[in-house]
Amino acid sequence: CLERGAVFLSEGIETFVKRVVDVVSNAAAGASRVDVGSKMGMPVGVAGLYLHVAEERGRIVRDDTPRGVYYHANRFHEFFR
């Protein structure tokens, strides 16, 4: 599939999205694109694309803070149990 000018294997994207969600979930104070890229061993821009996909799927949420954009696991569904 083509995403923002980058080509991804559509079969493997869910594996990377799951890994991104795992990295974000394990970061107590949230994770930036740089954090995710570093932990996953990929360029920051590519990490940003996977973060975007995970956010579109509702798996993570974005927090735009004075120190930058940080991502957190989406736990909003837990409030409505």
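This note walks through the predicted model point by point, from its overall layout to single residues.

1. **Ground rules.** The model is predicted, so to speak of a local feature takes a pLDDT of at least 70, and side-chain atom pairs count only at pLDDT 80 or more, while totals for chains, interfaces and linings use all residues. Numbering starts from 1 along each chain as its sequence is written, and side-chain values use heavy atoms, with hydrogens and water left out.

2. **Layout.** The protein has three helices and four strands. Both kinds of element are DSSP runs, numbered from the N terminus: helices are H or I with at least four residues, strands are E with at least two. Read from the N terminus, the order is β-β-α-α-α-β-β.

3. Of the 81 residues, 33% are buried. Buried means under 20% relative accessible area, exposed means over 50%, and partly exposed lies in between (1.4 Å probe, protein chains only). Now take the contacts with a separation of 6 or more: residues 24 or more positions apart account for 51% of them. A contact means heavy atoms within 4.5 Å.

4. **Salt bridges.** Side chains of opposite charge can pair when their charged atoms come close. The rule used here asks for a side-chain nitrogen of Lys or Arg within 4 Å of a carboxyl oxygen of Asp or Glu. By this rule there are four salt bridges.

5. **Glu14 and Arg57.** These two side chains form a salt bridge, at 2.3 Å from N to O. The pair links distant parts of the chain, 43 residues apart. Glu14 is in helix α1 (residues 13-25), and Arg57 is in the loop between α3 (44-56) and β3 (60-65). Glu14 counts as partly exposed because its relative accessibility is 37%. Arg57 is also partly exposed, at 43%. Both belong to a network of salt bridges that links Glu14, Arg57 and Arg59.

6. **Lys18 and Asp22.** Lys18 and Asp22 both lie in α1, four residues apart, which is about one turn of the helix. Their side chains meet at 3.2 Å, N to O. Lys18 is partly exposed at 45% relative accessibility. Asp22 is partly exposed at 34%.

7. **Glu55 and Arg62.** The closest N and O atoms of this salt bridge are 2.8 Å apart. Is Glu55 buried or partly exposed? Its relative accessible area is 23%, so Glu55 counts as partly exposed. Arg62 is partly exposed too, at 44%.

8. **Aromatic rings.** A pair of aromatic rings is described by the distance of the centres and the angle of the planes. Rings of Phe, Tyr and Trp (its six-membered ring) pair if their centres lie within 6.5 Å; planes under 30 degrees apart count as stacked, over 60 as edge-to-face and the rest as tilted. The whole structure holds one aromatic pair. Phe16 and Tyr50 form this stacked pair, with 5.1 Å centre to centre and 20° between the planes. Phe16 is in helix α1 and Tyr50 in helix α3, 34 residues apart. Phe16 is partly exposed at 29%, whereas Tyr50 is buried at 7%.

9. **A charge over a ring.** The charged end of Arg67 sits over the ring of Tyr70, 3.8 Å from the ring centre. The test is that NZ of Lys or CZ of Arg is within 6 Å of the ring centre and within 35 degrees of the ring normal.

10. **Helices α2 and α3.** The axes of α2 (residues 33-40) and α3 come within 8 Å and cross at roughly 105°. This makes α2 roughly perpendicular to α3, a term for angles of 65 to 115 degrees; under 35 is roughly parallel, over 145 roughly antiparallel and the rest oblique. Axes are lines fitted to C-alpha atoms, for helices over the stretch in contact, with angles from 0 to 180 degrees between N-to-C directions. Arg33, Val34, Val36 and Gly37 in α2 meet α3 residues Val44, Gly45, Ala47, Gly48 and Leu51.

11. **Two glycines.** Gly37 in helix α2 is buried, with a relative accessible area of 4%. Beyond its neighbours within four places in sequence, Gly37 is in contact with Met42 and Ala47. Gly68 lies in strand β4 (residues 68-73) and is partly exposed at 23%. Its C-alpha atom is 7.7 Å from that of Ser32, 36 residues apart along the chain.
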